[in-house]
Amino acid sequence: MAVLDTLQREFVYIRYYFMLQLDQIAVYWIWGMVLGSVVSVFLKDRIHGILRGLSGKKLGVLGIIPASALGIASPLCMYGTIPIAASFSKSGMRDDWLAAFMMSSILLNPQLIIYSTALGTTALVIRILSCFLCGIGAGLLIRLIYREKSYFNFEGFEEPPSRDTDPNLFFRLLKNIGRNIKATALWFLLGILLSALFQRYVPAESFAALFGKSNEGFGVLMAATIGVPLYACGGGTIPLLQQWLYSGMSMGSAAAFMITGPATKITNLGALKIVLGIKRFLLYLLFVMAFSLITGLVINLK
């Protein structure tokens with residue numbers, strides 16, 4: 001009987017934390033889905049057309065900058081980005097531009113930007129800026145090391161037909177939102193559940209001691225490392241990040257997690273290994289870890 005009473009009490013606590021977190025963050029998820037679908041349905045082709053148009057201009061290394069920015073603006077996931085990048089490559093786009101576009105596209109998209117507003121203005125600005133610079137860094141690295149040889153192998157990848165084909169624009173948008181809900185809802189609710197469990201069972205003082213600025217070097221390294229197995233969906237990690245920051249995680253540690261998480265998401269890694277091969281894939285992982293650590297340490301200096 002005592003065990004049952006304890007379980008019921010714990011359930012009440014966890015339900016309370018779950019509903020509290022859901023009430024605080026659900027609006028960001030809803031707006032993120034809606035605006036993300038608007039971008040996907042009405043602006044995706046224009047964004048990719050701008051990048052395709054830039055490939056005919058002689059911008060040289062400076063083309064890496066708009067390529068990284070357009071990667072963030074692109075609403076596609078990695079499995080959608082690779083076929084688009086393959087078509088860009090066939091049209092003659094340089095590998096350093098493609099690397100910048102793909103890197104920033106992996107890390108961020110319009111929907112995740114809306115989600116991330118739940119973390120506060122500082123975290124949002126840091127996320128956008130660090131992802132943008134990570135794309136630029138990837139492009140520069142490819143330009144430096146692979147100037148005379150190809151970095152990507154897009155053989156077998158073709159640009160898929162668009163799924164947004166309903167002739168009625170309103171229904172086209174609704175169907176996109178429906179697919180968005182199907183893809184993200186479970187991970188979003190799981191993230192809230194994990195956040196509720198964290199609030200109930202992890203002392204804030206212990207967490208702050210591990211990931212706070214007082215332990216900044218090791219904290220950033222740990223945050224970058226746990227981003228590898230923990231990250232599943234951008235929307236699912238926002239509740240956790242929100243609670244971690246509230247519990248004392250340094251902004252540098254959060255930034256490191258926000259870079260390594262999406263960059264090492266299992267589905268992204270599987271797709272990237274196909275187009276990179278083992279040697280270049282390992283170079284990618286080394287770059288991601290190094291960039292996240294440096295970014296986190298620099299931010300913690302502020």
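Guide: About 150 Å³ of space lies in the largest cavity. The volume is the space filled by probe spheres set on grid points, which are joined across faces, edges and corners.

Visitor: What makes a space a cavity?

Guide: On a 1 Å grid over the protein atoms alone, it is a set of points where a 1.4 Å probe fits but cannot get out. The structure holds one cavity of 30 Å³ or more. Two notes before we go on. This is a predicted model, where local features need pLDDT of at least 70 and side-chain atom pairs need pLDDT 80 or more, while totals for chains, interfaces and linings use all residues. Residues are numbered from 1 along each chain as its sequence is written, and side-chain values use heavy atoms, leaving out hydrogens and water.

Visitor: Which residues line the largest cavity, and how do you know that they do?

Guide: A lining residue has an atom within 4 Å of a cavity point. Here 14 residues line the largest cavity, and Ala-99, Met-103, Ala-138, Tyr-151 and Tyr-284 are the closest to its centre. Helices H4 (95–107), H6 (121–145) and H12 (266–301) each give two or more residues to the lining. H12 gives the largest share, five residues. A helix here is a DSSP run (H or I, at least four residues), numbered from the N terminus.

Visitor: Why are H6 and H11 called oblique to each other?

Guide: H6 and helix H11 (residues 251–263) pack at an angle of about 45°. Angles run from 0 to 180 degrees between N-to-C directions, and axes are lines fitted to C-alpha atoms, for helices over the stretch in contact. Under 35 degrees is roughly parallel, over 145 roughly antiparallel, 65 to 115 roughly perpendicular, and the rest oblique. H6 and H11 are therefore oblique. Their axes lie 10 Å apart.

Visitor: Which residues of H6 and H11 meet?

Guide: Thr-122, Ala-123, Ile-126, Arg-127 and Ser-130 in H6 meet Met-251, Ala-255, Met-258, Ile-259 and Pro-262 in H11. Contact means heavy atoms within 4.5 Å. By class, seven are nonpolar, two polar and one charged.

Visitor: What makes H2 roughly parallel to H4?

Guide: The axes of helix H2 (residues 64–73) and H4 cross at roughly 30° and come within 7 Å. That angle makes the pair roughly parallel.

Visitor: And why is H1 called roughly antiparallel to H7?

Guide: The axes of helix H1 (residues 2–54) and helix H7 (residues 169–201) cross at roughly 150°, and come within 7 Å. So H1 is roughly antiparallel to H7. Their contact holds 25 nonpolar, eight polar and three charged residues.

Visitor: Left-handed or right-handed: which is the crossing of H1 and H7?

Guide: Right-handed. The term applies if the near helix is turned clockwise from the far one by less than a right angle; anticlockwise is left-handed. H2 also passes H4 in a right-handed crossing.

Visitor: Where is Asn-109 found?

Guide: In the loop between H4 and helix H5 (110–116). Leaving aside neighbours within four places in sequence, Asn-109 is in contact with Ile-72, Ser-74 and Pro-75.

Methods. On a 1 Å grid over the protein atoms alone, a cavity is a set of points where a 1.4 Å probe fits but cannot get out, and a pocket is an open set with protein on both sides within 12 Å along at least five of seven lines; lining residues have an atom within 4 Å of a point. Ala, Val, Leu, Ile, Met, Phe, Trp, Tyr, Cys and Pro count as nonpolar, Asp, Glu, Lys and Arg as charged, and the others, Gly among them, as polar.
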